[in-house]
Amino acid sequence: MPLAMLTNELSFSSKILAWFDQHGRHDLPWQQPRTPYRVWVSEIMLQQTQVRTVIPYFERFMARFPEIITLADAPLDAVLEHWSGLGYYARARHLHRAAQQLRDQYAGQMPADFAQVQALPGIGRSTAGAIMALAFEQRYAILDGNVKRVLTRHGGIVGWPGETAVANTLWALAEQYTPTVRIAEYTQAIMDLGAGVCSRSRPQCARCPIHADCQARATGQQQCLPTPRKARAQPLRHTVMLMIQGPQGVLLQQRPPVGLWGGLWAFPQVEQLDEVTPWCLAHLGTAPQTLQAWEPFTHVFSHFRWKITPVWLGLAHDPAKIMEAGGWLWYNYSDAIAVGVPAPVANLLAQLFQNN
Ligand code: SF4
């Protein structure tokens with residue numbers, strides 16, 4: 001390896017480590033203690049979610065599922081309930097399935113082997129690298145959103161990081177810069193740098209330990225990097241959510257185990273308002289006594305927007321018919337049952353019980 005390149009790599013990691021010693025975060029809940037399980041759960045929660053949002057979820061999750069075995073043995077409903085509001089629920093389902101594999105194949109322990117960790121559900125190359133580096137001090141690189149931002153800006157790398165060629169360049173840099181000592185601290189440090197200094201909208205270059213040789217700063221390209229994905233039109237879909245309220249509570253239905261909001265509990269849905277009464281007759285055996293359409297709102301997913309029209313339906317009596325099938329429950333705030341509920345449904349339930 002040429003001496004100049006070696007010097008660059010050494011100075012990159014040593015500058016970041018020196019900055020971390022003074023300014024990095026050393027008191028995050030998953031750092032104390034930094035076990036493979038806690039690192040894993042935190043890494044999954046931190047995908048697409050900011051640290052300050054994750055902290056209370058992480059603490060509640062660890063209090064309920066302190067060990068891999070506890071998580072594996074818990075019902076999926078309990079896991080989803082502890083994920084309610086974090087979004088991207090496939091993460092929770094994968095976490096649960098992976099915990100069961102760890103229980104069955106590795107006696108409830110995370111193996112200290114990159115390939116075995118990466119083979120678990122929901123664990124990609126970067127998350128496996130983070131577990132190896134943070135929990136086992138093994139020299140593996142990570143490339144999460146924060147690290148991608150730092151590396152694209154510092155190296156002036158143009159092109160959407162989701163493209164294979166760009167991703168390969170970034171992985172090569174990430175591996176090149178990962179030091180051979182203090183691996184866990186360096187991994188935490190570069191994530192912290194991306195989250196706190198080289199932030200998406202307002203990078204604080206004057207405070208950045210690698211500003212002297214940052215290409216984006218030198219050329220004023222901070223706001224253009226990383227290159228965003230080409231904008232795709234986000235389709236707008238419509239749905240009507242039926243908030244059916246009877247004497248026992250509000251009717252919720254469990255969604256199929258995979259797909260949108262898989263395994264979570266939500267209101268029954270129809271596509272259009274004129275399908276409401278036929279749905280009630282078919283499923284409840286009765287037409288609603290009172291019906292009230294609420295103001296529609298739009299919920300944004302990564303791949304489409306959902307225009308939701310909530311409709312409140314009052315029932316004087318509980319219809320016997322609905323309880324004949326599983327997958328339904330009458331939800332009541334006063335004796336709230338521990339199930340996972342997606343954020344828009346939770347908001348509507350809160351409004352509903354506030355109004356009553
Ligand atoms: S100098 Fe600015 S743009 Fe470059 S890595 Fe540091 S914070 Fe990011």
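Student: What volume does the largest cavity have?
Tutor: This is a predicted model, and a search of the whole structure finds two cavities of 30 Å³ or more. The space in the largest cavity amounts to about 120 Å³.

Student: Which residues lie closest to the centre of that largest cavity?
Tutor: The lining of the largest cavity consists of 14 residues, and by class these are eight nonpolar, four polar and two charged. Helix α9, which covers residues 145-155, gives the most to this lining, with three residues. The lining residues closest to the centre are R153, C198, C205, C208 and C214.

Student: Which helix gives the most to the lining of the second largest cavity?
Tutor: The second largest cavity has a volume of about 60 Å³, and the residues lining it are Y140, A141, I142, V147, L151, A174, T178, Y186, T187 and I190. By class, that lining has eight nonpolar and two polar residues, with no charged residue. Two helices, α9 and α11 (183-196), each supply at least two residues of it. The helix that gives the most, with three residues, is α11.

Student: How are α9 and α11 oriented to each other, and why is that word used?
Tutor: The two helices pack with their axes 8 Å apart, at an angle of about 80°. Angles of 65 to 115 degrees count as roughly perpendicular. The pair α9 and α11 is therefore described as roughly perpendicular.

Student: Which residues of α11 make the contact with α9?
Tutor: On the side of α9, the contact is made by N146, V147, R149, V150 and L151. Taking both helices together, the residues of this contact divide into seven nonpolar, two polar and one charged. On the side of α11, the residues are I190, M191, L193, G194 and A195.

Student: Turning to the open spaces, which residues lie nearest the centre of the largest pocket?
Tutor: About 1600 Å³ of space lies in the largest pocket, and its lining is made up of 43 residues. By class, these are 15 nonpolar, 16 polar and 12 charged residues. Nearest the centre of the pocket lie D144, G145, N146, R149 and R200.

Student: Which helix gives the most to the lining of the largest pocket?
Tutor: Several helices each supply at least two residues of this lining, namely α2 (36-46), α3 (51-64), α6 (90-105), α8 (125-136), α9, α10 (164-177) and α11. The one that gives the most, with five residues, is α9.

Student: What is the volume of the second largest pocket, and which elements give two or more residues to its lining?
Tutor: The second largest pocket holds about 350 Å³ of space. Of the 19 residues that line it, G87, Y88, Y89, W261 and F301 are the closest to its centre. By class, its lining has 11 nonpolar, seven polar and one charged residues. The elements that give two or more residues to the lining are α6, β6 (297-300) and α14 (343-355).

Student: What is the phi of A107?
Tutor: A107 lies in the loop between α6 and α7 (114-118). Although A107 is not a glycine, its phi is positive, at about 55°.

Terms used:
Residues are numbered from 1 along each chain as its sequence is written. This is a predicted model: local features need pLDDT of at least 70, side-chain atom pairs count only at pLDDT 80 or more; totals for chains, interfaces and linings use all residues. Side-chain values use heavy atoms; hydrogens and water are left out. On a 1 Å grid over the protein atoms alone, a cavity is a set of points where a 1.4 Å probe fits but cannot get out, and a pocket is an open set with protein on both sides within 12 Å along at least five of seven lines; lining residues have an atom within 4 Å of a point. Grid points are joined across faces, edges and corners, and a volume is the space filled by probe spheres set on the points. Helices (H or I, at least four residues) and strands (E, at least two) are DSSP runs, numbered from the N terminus. Ala, Val, Leu, Ile, Met, Phe, Trp, Tyr, Cys and Pro count as nonpolar, Asp, Glu, Lys and Arg as charged, and the others, Gly among them, as polar. Axes are lines fitted to C-alpha atoms, for helices over the stretch in contact, and angles run from 0 to 180 degrees between N-to-C directions. Angles under 35 degrees count as roughly parallel, over 145 as roughly antiparallel, 65 to 115 as roughly perpendicular and the rest as oblique. Contact means heavy atoms within 4.5 Å.
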